[in-house]
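Subject: Structure handover

Hello,

Here is the structure I promised to pass on. Please open it alongside this note, and my findings follow below.

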Amino acid sequence: MGKRDEARAENTQRILRAARGEIARVGGVGLSMRAVARAVGMVSSAVYRYFPTREDLLTAMILESYGALATELQRTAVGVRDRPDHERWTALADALRDWGLASPHEFQLIYGTPIPGYVAPPETVRAAAAVAAPFLDCVGTRTVEGFERAGSAEGMRDLAVEAGTHPTGAAATVAALSELVGFVGHELSGHFAGLAEPGTDLYRAVVGRQVRALRLAGGQVEGDDDEVVRS
């Protein structure tokens with residue numbers, strides 16, 4: 001990498017750091033290219049040479065956040081790869097919550113209130129799929145009763161093929177992951193105040209119910225497509 005490329009890469013990271021600071025201060029809706037430029041000591045036109053639009057900057061931050069979470073989940077998955085499925089699922093669920101609580105602004109950027117006018121490009125869908133991948137691996141080829149219709153959607157079938165899972169298992173995994181994300185989002189927003197502070201015990205109960213519902217502790221032999229799990 002030449003000096004010019006190194007300088008561009010360094011400036012790109014400076015802009016992204018400043019943008020994350022703005023997200024922490026005003027949220028995604030209030031993100032201003034002018035404010036980011038001031039934070040890095042650039043004129044606005046210089047920032048636009050790195051990110052032509054505000055949407056491009058948002059996309060870069062979203063991809064970074066998904067990537068950071070996916071990396072943490074993959075690290076966790078490697079550490080528990082030889083454990084039973086229910087322990088792997090629990091470890092992944094804990095890692096998801098831990099990352100969200102430690103990186104609340106990044107978590108809210110990818111899972112919080114949609115930013116008006118922002119349309120996520122296809123690459124963010126692939127980044128989100130990387131987050132789901134280790135959870136899908138836990139469910140494996142299990143079929144999950146009650147998710148037949150959800151699993152028949154074209155996108156869900158495509159996800160199942162890519163992950164090597166049954167379509168109903170893919171749908172059940174997406175639903176369970178959405179539940180975990182929703183829990184962490186509620187916790188970050190203070191919705192458990194006076195009810196469950198911290199939310200650890202309540203979260204563990206949710207994860208335990210998911211493990212039982214998916215029969216992850218049932219000792220299923222890998223590849224046994226005939227097992228039906230009641231949701």
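Serine 65 sits in helix α4. Serine 65 is buried, because its relative accessibility is 2% and the cut-off for buried is under 20%. Beyond its neighbours within four places in sequence, serine 65 touches Trp99, Glu106, Leu109 and Ile110. Please keep in mind that this is a predicted model.

Now the overall picture. The protein has 231 residues, and 42% of them count as buried. Its secondary structure comes to eleven helices and two strands. From the N terminus the order is α-α-α-α-α-α-α-β-α-α-α-α-β. The C-alpha trace spans about 60 × 45 × 35 Å along its principal axes. Take the contacts with a separation of 6 or more: residues 24 or more positions apart account for 70% of them.

Next, the domains. The protein is divided into domain 1 (1-52) and domain 2 (55-214). Their centres, taken over C-alpha atoms, are 29 Å apart. How many residues of each domain are in contact with the other? On the domain 1 side there are 14, and on the domain 2 side there are ten.

The largest nonpolar core has 65 residues. Inside this core, Ile15, Leu57, Met61, Trp89 and Leu96 have the most contacts. Helix α4 (residues 54-79) gives the most to this core, with ten residues. Both domains take part: at least three residues come from domain 1 (1-52) and at least three from domain 2 (55-214).

Leaving aside its neighbours within four places in sequence, methionine 61 is in contact with Leu16, Ala19, Arg20, Ile23, Leu31 and Leu109.

One of those partners is arginine 20. Arginine 20 is found in helix α1 (residues 3-26). Is arginine 20 buried or partly exposed? Its relative accessibility is 28%, so arginine 20 counts as partly exposed. Past its neighbours within four places in sequence, arginine 20 contacts Met61 and Glu64.

Alanine 132 belongs to helix α7 (residues 122-139). With a relative accessible area of 9%, alanine 132 is buried. Alanine 132 and alanine 70 are 62 residues apart along the chain, and 8.2 Å separate their C-alpha atoms.

Now for a helix pair. Two packed helices are described by the angle between their axes and the distance between the axes. The axes of helix α10 (residues 167-188) and helix α11 (residues 200-213) come within 11 Å and cross at roughly 175°. The two helices are therefore roughly antiparallel to each other, since the cut-off for that is over 145 degrees. Which residues make the contact? From α10 they are Ala176, Glu179, Leu180, Phe183 and Val184. From α11 they are Leu202, Tyr203, Val206, Val207, Arg209 and Gln210. By class, this contact of α10 with α11 has eight nonpolar, one polar and two charged residues.

Look closely at leucine 180, which lies in helix α10. Leucine 180 is buried, with a relative accessible area of 0%. Neighbours within four places in sequence aside, leucine 180 is in contact with Ala93, Leu96, Phe135, Tyr203, Val206, Val207 and Gln210.

Last, two backbone details. Most residues other than glycine have a negative phi, and most peptide bonds are trans.

- The peptide bond from glutamate 197 to proline 198 is cis, with omega near -5°. Proline 198 lies in the loop between α10 and α11.
- Arginine 215 has a positive phi, near 55°, and is a residue other than glycine. Arginine 215 is placed in the loop between α11 and β2 (228-230). Its relative accessible area is 40%, so arginine 215 is partly exposed.

Best wishes

Notes: Residues are numbered from 1 along each chain as its sequence is written. This is a predicted model: local features need pLDDT of at least 70, side-chain atom pairs count only at pLDDT 80 or more; totals for chains, interfaces and linings use all residues. Side-chain values use heavy atoms; hydrogens and water are left out. Axes are lines fitted to C-alpha atoms, for helices over the stretch in contact, and angles run from 0 to 180 degrees between N-to-C directions. Helices (H or I, at least four residues) and strands (E, at least two) are DSSP runs, numbered from the N terminus. Angles under 35 degrees count as roughly parallel, over 145 as roughly antiparallel, 65 to 115 as roughly perpendicular and the rest as oblique. Contact means heavy atoms within 4.5 Å. Ala, Val, Leu, Ile, Met, Phe, Trp, Tyr, Cys and Pro count as nonpolar, Asp, Glu, Lys and Arg as charged, and the others, Gly among them, as polar. Buried means under 20% relative accessible area, exposed over 50%, partly exposed in between (1.4 Å probe, protein chains only). A nonpolar core is a set of buried Ala, Val, Leu, Ile, Met, Phe, Trp, Tyr and Cys residues joined through side-chain atoms within 4.5 Å. Domain bounds come from an automatic or database domain assignment.
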